[in-house]
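Trainee: I should like to go through a new model with you. May I put some questions as we look?
Mentor: Please do.

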Amino acid sequence: MGLKLRAFRDRDYIETIEGMFFTVVGNVHPNNYAIAYLKYIPSPNGKWGNDKKFKRALPYYTVPMLLDTISYLKRHYLHYVKYFDELEIEMSAVPIDRIHKHYKPEERLQEIIENPRDQLEAMVAELAQIVADEADIPISDLGVTGSILIGIHRPFSDIDLVVYGRESALKVKDALKRLYQEPKRGVNRLSQDRFDELLDRRQRLFHLSRNYAEIICMRKWNRASFKGKDFSMHPVKKEHEINEVFGEFKYKPIGLATIRGVVTDAADAIFMPSKWKIEVTNFIEGKKVDNLVELCSYEGLYMGVVDNGEKFEARGKIEAAYRHGKLSHYRLLIGSPEARGLDYIKPLP
């Protein structure tokens, strides 16, 4: 099996013994499982892969589509669905003993840099070097995820990069923003046509008004273009930056609510899950609780969408967080099955 010992990180991939591919979510996992969603399944009519073909089980990462993959697994591969008492939720997760291979983005990127096997891999190597140069970070802090990580990419595939560690992630964020202002070396903002296409999709999938969808899309620094090819950049924590173990907090659902507030700390908003420390100024709808001090989003669209000192409106599921059996605080969760895709975070003027 040859599994190298490094903890599961957000956006790693797992190949199961049945030949399915799962994408790892977050860096905090139970002892014998990796929390992950089903992404690609073998299919003779699939668009991905070469000798063996695959299709996407999850076309886009939205909660309703995620629930569809869980339903599929319950029908065909029940051992990949587990109810976690700590979260009081049913999720897809891969048992450690059903892992065929653990794919690590930083190892795959090094492999590609040393020996790119096609035009897309050559672009990955070139883009990673440009990002490392412009951000002044070691290239070992970068990785490649998605279909390129698992070697089933086709010429139409996008490039999905990861950057490891808070310090390097912030440097990359600043470097990309500079490149958008003064494009060079092939890195540029998305074309207007591509931006409009993404805007329409996000408006449709996330039930947002055009105005709010546009505000959110304009704030997304991590989607861009390299020599006409779409690419994305995803910050991921390193192990020493993880300050929580699975089960340390037990979360109990309270109910759906809409709130307004102010962000007091957005340091963890660039990671998955995205977390903000907040002060609530107004309960608009739902049960009112004291000590609601955190926003937590598993919906990638909202990654980093509000910053320190900014006002926001959010709808989600209130959860009570218990630590060692004692009530610690409340949080508002975006990306829960209960909200069925109708939760959101909106920046306010």
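Mentor: We shall begin with the whole chain and then turn to individual elements and residues, bearing in mind that this is a predicted model.

Trainee: How many helices and strands are there in the protein chain?
Mentor: The protein chain holds 7 helices and 18 strands. Its radius of gyration is 20 Å, close to the 20 Å that the globule rule gives for 349 residues, so the chain is as compact as a globular protein of that length.

Trainee: And what does the C-alpha trace span along its principal axes?
Mentor: About 55 × 50 × 40 Å.

Trainee: What percentage of the residues count as buried?
Mentor: Of the 349 residues, 54% are in that class. The chain exposes about 16,200 Å², and carbon and sulfur atoms supply 48% of that area.

Trainee: What share of the contacts with a separation of 6 or more comes from residues 24 or more positions apart?
Mentor: Such pairs account for 65% of those contacts.

Trainee: Turning to helix H5, what should its 16 residues span?
Mentor: Helix H5 covers residues 166-181, and at 1.5 Å a residue it should span 22 Å. Its end C-alpha atoms are 23 Å apart, which agrees.

Trainee: Which residues of H5 are buried?
Mentor: They are Ser168, Ala169, Val172, Lys173, Ala175, Leu176, Leu179 and Tyr180. An α-helix has 3.6 residues a turn, so residues three or four places apart point the same way.

Trainee: What covers those buried residues of H5?
Mentor: The cover includes helix H3 (119-135) and the strands S9 (159-164), S10 (187-188), S11 (223-226) and S12 (229-236).

Trainee: Let us move to Lys55. Where is Lys55 placed?
Mentor: Lys55 is in strand S4, residues 54-56. With a relative accessible area of 40%, Lys55 is partly exposed.

Trainee: What does Lys55 contact, leaving aside its neighbours within four places in sequence?
Mentor: Lys55 is in contact with Lys39, Tyr40, Ile41, Ser43, Gly46 and Trp48.

Trainee: And how far apart are Lys55 and Phe231 in space?
Mentor: The two are 20 Å apart, C-alpha to C-alpha, and 176 residues apart in sequence.

Trainee: Is Ser147 buried or exposed?
Mentor: Ser147 has 5% relative accessibility, so it counts as buried, the cut-off being under 20%. Ser147 is found in helix H4, residues 146-149.

Trainee: What is Ser147 in contact with, again leaving aside neighbours within four places?
Mentor: The partners of Ser147 are Tyr40, Trp48, Ile152, His153 and Ser157.

Trainee: Now the backbone. Which residues does a cis peptide bond join?
Mentor: The bond joins Met272 and Pro273, with omega about -5°. Pro273 is in the loop between strand S13 (249-268) and strand S14 (274-286).

Trainee: What is the phi of Arg11?
Mentor: Arg11 has a positive phi of about 75°, although it is not a glycine. Arg11 is in the segment before strand S1 (13-16), and at 23% relative accessibility it counts as partly exposed.

Trainee: And what is the phi of Arg340?
Mentor: Phi of Arg340 is near 50°, a positive value in a residue other than glycine. Arg340 is placed in the loop between strand S17 (326-334) and strand S18 (344-348). Its relative accessible area of 55% makes Arg340 exposed.

Notes: Residues numbered from 1 in each chain as written. Predicted model: local features only at pLDDT ≥ 70, side-chain atom pairs only at ≥ 80, totals over all residues. Heavy atoms only, no water. Helix = DSSP H or I, 4+ residues; strand = E, 2+ residues; numbered from the N terminus. Rg over C-alpha atoms; globule rule 2.2 N^0.38 Å. Buried < 20%, exposed > 50% of the residue type's maximum accessible area, 1.4 Å probe, protein only. Contact = heavy atoms within 4.5 Å. Areas by Shrake-Rupley, 256 points an atom, 1.4 Å probe, with all protein chains shown as cover. Expected span 1.5 Å × (residues − 1).
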